[in-house]
Amino acid sequence: MMMRKAWAVMWAVYLASVAVVINQFKVPPVMDMLLDQLQIDLTLGGWLMSVFAVAGVVLSLPAALILDRLGPKSGGMIALICTIIGSTLGAVAESAAMLLLGRTIEGIGLGLIAVVAPAVIAMWFPPAQRGLPMGIWASWVPLGSFLIFNLANPLKSAYNWQGVWWFGSLAALVALVVYWGVVTSPGDSKADTQKAVEENPQVSYAAGFKSPAIWLLALGFGAFGFANAGFTTWAPRFFTDVHGIPPGTANFYTSISPMCSILTTVLAGWAIDYFKKPKAILLISAVFTLIFYGYAFLIGSASLILPWMILTGLIVGFYPTATFTLAPEAVCSPRLAGLAMAILNLLFNAGFMLGPPVVGFVVNNAQGNWGTASIPIAILLTAAIAASLGFAAVSRKKEMT
């Protein structure tokens with residue numbers, strides 16, 4: 001019964017996470033329409049995506065406190081309510097300023113759910129069984145982005161870009177109802193709570209902050225966020241500008257990578273549970289992520305786009321799964337799992353926030369030379385490889401003591 005309940009909670013948390021990501025990625029597939037109707041340049045267009053992550057940066061650490069004080073149910077519901085409010089405000093916006101405000105409120109939802117969701121999974125599943133549910137949950141970003149990249153075109157054709165925002169509000173509302181009905185804490189009874197306290201005595205947040213392993217893990221994840229957002233936001237425009245691909249087809253090509261990642265995040269979770277080598281999987285995936293994201297803006301032929309996007313999705317899905325699986329054990333106590341996720345998401349959101357405007361700025365300054373976009377992405381992903389090596393070294397030293 002407990003395992004059945006654990007999986008029910010996981011799926012409810014997963015639905016909530018996907019709903020938030022649908023709202024997060026609704027900008028890129030309608031970027032051209034937003035640029036034209038709101039009369040903004042590429043840099044500000046990048047901030048329409050990145051401002052969503054600003055609240056995520058600000059709220060990552062407070063989200064751990066909210067989870068600790070209010071519990072998983074209230075924390076997740078607040079995230080979804082903020083997503084609904086922000087998306088609805090954006091749907092009625094008549095200026096870039098109001099749209100940015102709505103995106104910031106939506107970002108509160110991201111900042112909360114990105115911490116609450118993996119922490120809830122860590123609560124319900126023991127370490128030896130955590131790889132597969134974390135792998136499934138790690139597909140929240142690719143699935144959500146795949147859905148909105150393919151739904152946005154018919155929605156904007158029928159209802160302009162505002163229809164995409166209304167759809168985001170509806171998706172979050174459905175997720176809110178399910179979340180409210182299913183999600184609870186595994187220690188709801190007094191006996192369970194007392195047992196949890198005895199097995200995992202209280203540890204101060206200060207001790208968690210002093211763990212070098214979690215910061216190294218988060219540094220690499222921040223670089224991954226920079227590359228992921230920098231590429232995904234501008235890929236449709238790159239495909240259209242350089243290769244003359246129609247916007248609808250460009251959106252579909254961009255969605256191929258996250259679609260393939262849906263499979264590989266789950267496969268990565270299975271591989272972690274089966275081989276018991278999450279640190280090796282983290283490092284190998286970091287190297288291949290550099291290769292595929294680093295070269296993406298240098299693709300010289302339209303015929304290479306589809307196979308490249310497929311291979312990219314099959315490779316990069318391993319990185320977030322390994323990161324989320326390793327996070328609860330990168331701090332000094334299981335009770336600090338929420339803090340571990342908060343630190344991860346703090347740096348991920350920082351990278352995600354900076355990726356689109358930095359890439360847009362670099363391309364603008366290079367007079368539209370999209371090949372220059374590879375430079376900041378390659379630099380950051382090289383840092384991710386170094387961080388993965390450092391994490392492995394620190395973890396090995398910790399295991400020996």
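Predicted model: local features only at pLDDT ≥ 70, side-chain atom pairs only at ≥ 80, totals over all residues.

**Reading the model**

Modeller: Let us begin with a helix, a DSSP run of H or I of at least four residues, numbered from the N terminus. In α13, the buried residues are Phe-318, Tyr-319, Pro-320, Thr-321, Ala-322, Thr-323, Phe-324, Thr-325 and Leu-326. Buried means under 20% relative accessible area, exposed means over 50%, and partly exposed lies in between, with a 1.4 Å probe and protein chains only. Because 9 of the 9 residues of α13 are buried, this helix is largely enclosed by the rest of the structure.

Biologist: How many cavities of 30 Å³ or more are counted?

Modeller: A cavity is a set of points, on a 1 Å grid over the protein atoms alone, where a 1.4 Å probe fits but cannot get out; lining residues have an atom within 4 Å of a point. Grid points are joined across faces, edges and corners, and the volume is the space filled by probe spheres set on the points. The count here is 1 cavity of 30 Å³ or more. The largest cavity holds about 290 Å³ of space.

Biologist: Which residues lie nearest the centre of the largest cavity?

Modeller: Of the 24 lining residues, Val-141, Pro-142, Phe-224, Asn-228 and Tyr-293 lie nearest the centre. At least two lining residues each come from α6, α9 (212-243), α10 (247-275), α12 (305-316), α13 (318-326) and α14 (337-365). The lining divides into 15 nonpolar residues, 9 polar and no charged. In this division Ala, Val, Leu, Ile, Met, Phe, Trp, Tyr, Cys and Pro count as nonpolar, Asp, Glu, Lys and Arg as charged, and the others, Gly among them, as polar.

Biologist: How many salt bridges are there?

Modeller: Side chains of opposite charge can pair when their charged atoms come close. A salt bridge is a side-chain nitrogen of Lys or Arg within 4 Å of a carboxyl oxygen of Asp or Glu. The count comes to 4 salt bridges. In one of them, the side chains of Lys-26 and Glu-106 meet at 2.9 Å, N to O. This pair links distant parts of the chain, 80 residues apart: Lys-26 is in the loop between α1 (2-24) and α2 (31-38), and Glu-106 is in helix α4 (residues 96-124). Both Lys-26 and Glu-106 are buried.

Biologist: How far apart in helix α4 are Arg-103 and Glu-106?

Modeller: An α-helix has 3.6 residues a turn, so residues three or four places apart point the same way. Arg-103 and Glu-106 are 3 residues apart in helix α4, and are therefore separated by about one helical turn. Their side chains meet in a salt bridge of 3.7 Å, N to O. Arg-103 counts as buried because its relative accessibility is 0%.

Another salt bridge, 3.3 Å from N to O, joins the side chains of Asp-241 and Arg-237. Both lie in helix α9, 4 residues apart, about one turn of the helix. Asp-241 counts as partly exposed, at 45% relative accessibility, and Arg-237 is partly exposed as well, at 24%. Salt bridges that share partners join Lys-26, Arg-103 and Glu-106 into one network.

Biologist: Which residues make the nonpolar surface patch?

Modeller: Patches are made of residues with over 30% relative accessible area and no salt bridge, where like charges are joined within 9 Å and nonpolar side chains (Val, Leu, Ile, Met, Phe, Trp, Tyr) within 5 Å. Accessible areas come from the Shrake-Rupley method with a 1.4 Å probe, and for residues only the protein chains shown count as cover. Leu-15, Leu-170, Leu-173, Val-174, Val-177 and Val-178 make a nonpolar patch of about 470 Å². Helix α6 (residues 140-182) gives the largest share, 5 residues. Val-177 lies in this helix and is exposed, because its relative accessible area is 53%.

Biologist: What is the phi of Asn-160?

Modeller: Most residues other than glycine have a negative phi. Asn-160 has a positive value, near 65°, and lies in helix α6. Gln-367, also not a glycine, has a positive phi of about 55°. Gln-367 is placed in the loop between α14 and α15, and counts as exposed because its relative accessibility is 70%.

Key:
Residues numbered from 1 in each chain as written. Heavy atoms only, no water. 1 Å grid on protein atoms, 1.4 Å probe; cavity = no way out; pocket = protein on both sides within 12 Å on 5 of 7 lines; lining within 4 Å.
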